[in-house]
Amino acid sequence: MDQSRMTLGRFLARHCPQDEKGRTLALLLRQVADSCRRISDAVGGGALRDLTGAADNVNVQGEEQKKLDVFANDALLEGCSWGGTVAGMASEEEDDVFTLPEDEPRGPYILLFDPLDGSSNIDVNVSVGTIFSVLPAPDAGRDPVNEDLLQSGDQQVAAGYVVYGPSTVLALTVGNGVHVFTLDRAQGEWFLTTADLKVPEQTAEFAINCSYWHQWPAPVRRYIEECLAGEDGPRGKRFNMRWVASMVADLHRIFTRGGVFLYPADSRRPNGRLRVLYEVNPIAMLMEQAGGAAFTGEERAMALQPKELHQRAGLLIGSREEVAVLERYYSEQ
Ligand code: AHM
Ligand code: MG
């Protein structure tokens, strides 16, 4: 093993608080990374692993589950339910908060996750991912109930995502910047490959599903029309467009080279599409930690006070100056 490279374990030992809670947080993040290593292996096996296709089940949100959704959900629940790291967990694929087995010790954190983001891309061999958020568990002397998880993004102590792409990468924050690790698949070890990632403040690239054009709110139409007008339009520059349809893959590109990702609330989905607790909050924390911004169309994303476990919201996120333009268009409507 190359000793000059920073492993995830060494990084966490240095960057998590140097007290008992900090050591527990480090263990929890190792558990998440280990679970994601198993998911990476399953995703990489594709059709050879009999994990492609539907699971003949529908989740709490009425969406058809894929076999890999179920595998990834189980990998995270099993991988993080021991060692006294969490008091409970919640997942996009579970109806309610997940209660630990009776004989497992309870810990100071709650882990929330979207186990397999971009499920519609699994069967066509396009990048998918995992998104996770760590909240403090209320000191209630009982197992957490759904209401205990209704905390704003500002309460998060850590957040991250993994992209299962040509390489498997983990972007992580514990509140002191965003750091990216790459999985050495042969060794099963994560190595730090980008420290303190910063999102360029300006951009000329947007990501949105344009097939929803007819249902977009006016500020989003205005923004995209002006981008498409190119050098002769009000923005005075040509914009490029990308849409992978896996938020993690679109966001990883934006974290790497700048851009904006837009999934606004619109006339067909007045509450938006992305889930506040499993998608919006963790990605927003990472974005702010990387110097970017995240807006719901009404407020700063991290300030949103959720009222339901599976609540959704609009999301306009990315390079700070472009999100500011969008915020202005929303305020002017
Ligand atoms: P999922 O978590 O059920 O996979 O859904 C979320 C995904 C995002 O990753 C992606 O950006 C979006 O849904 C794509 O939506 P659409 O198919 O409307 O373009
Ligand atoms: Mg998702």
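## Getting started

A residue counts as buried if 20 or more other C-beta atoms lie within 10 Å of its own, as exposed if 12 or fewer do, and as partly exposed in between, with C-beta atoms placed from the backbone. Serine 120 is partly exposed, because 13 other C-beta atoms lie within 10 Å.

This is a predicted model, in which local features need pLDDT of at least 70 and side-chain atom pairs count only at pLDDT 80 or more, while totals for chains, interfaces and linings use all residues. Residues are numbered from 1 along each chain as its sequence is written, and chains are lettered from A and ligands numbered from 1 in the order in which they are written.

Helices (H or I, at least four residues) and strands (E, at least two) are DSSP runs, numbered from the N terminus.

Strands of a sheet pair through backbone hydrogen bonds, either parallel or antiparallel. Here, two strands pair if DSSP finds at least two bridges between them. Strand E6 (residues 158-164) runs antiparallel to E7, and six bridges join them. Valine 163 is set opposite valine 169 of E7, and three residues separate E6 and E7 in a hairpin.

On to the next neighbour: E7 also pairs with strand E8 (residues 179-184), in the antiparallel sense and over four bridges. Leucine 170 has phenylalanine 181 of E8 opposite it. E7 and E8 form a hairpin with five residues between them, and in its turn glycine 175 has a positive phi of about 100 degrees.

E5 and E6 run antiparallel as well, joined by seven bridges. Which residue of E6 is the bridge partner of isoleucine 131? That partner is tyrosine 161, and tyrosine 161 in turn has alanine 171 as its bridge partner in E7.

## A five-strand sheet

Another sheet is open and has five strands in the order E11-E10-E12-E16-E14, with mixed pairing. Strand E11 (240-241) and strand E14 (293-295) stand at its edges with a single partner strand each, so one side of each has no neighbour in the sheet.

Strand E10 (residues 205-207) pairs with E11 in the parallel sense, over two bridges. In this pair, phenylalanine 206 lies opposite methionine 241 of E11.

## Around the ligand

The residues surrounding ligand 1 are Glu63, Asp114, Asp117, Gly118, Ser119, Ser120, Asn209, Ala245, Ser246, Met247 and Tyr263, where a residue is near a molecule or strand if its C-beta atom, placed from the backbone, lies within 6 Å of it. By class, this shell has three nonpolar, five polar and three charged residues. Ala, Val, Leu, Ile, Met, Phe, Trp, Tyr, Cys and Pro count as nonpolar, Asp, Glu, Lys and Arg as charged, and the others, Gly among them, as polar.

An unreviewed UniProt entry places the feature "binding site" at Asp117, Gly118, Ser119, Ser120 and Asn209; UniProt positions follow the numbering used here, feature names are shortened, and annotations may be inferred rather than shown by experiment. Serine 120 sits in the loop between strand E4 (109-117) and strand E5 (128-136). Asparagine 209 belongs to the loop between E10 and helix H4 (218-228), and it counts as exposed because it has 12 C-beta neighbours inside 10 Å.

## Two positive phi angles

Most residues other than glycine have a negative phi. Alanine 245 is not a glycine, yet has a positive phi of about 75 degrees. Alanine 245 lies in the loop between E11 and helix H5 (247-257) and is partly exposed, with 14 other C-beta atoms within 10 Å.

Aspartate 196 has a positive phi as well, near 50 degrees. Its place is the loop between strand E9 (189-194) and E10, and aspartate 196 counts as exposed, with 12 C-beta neighbours inside 10 Å.
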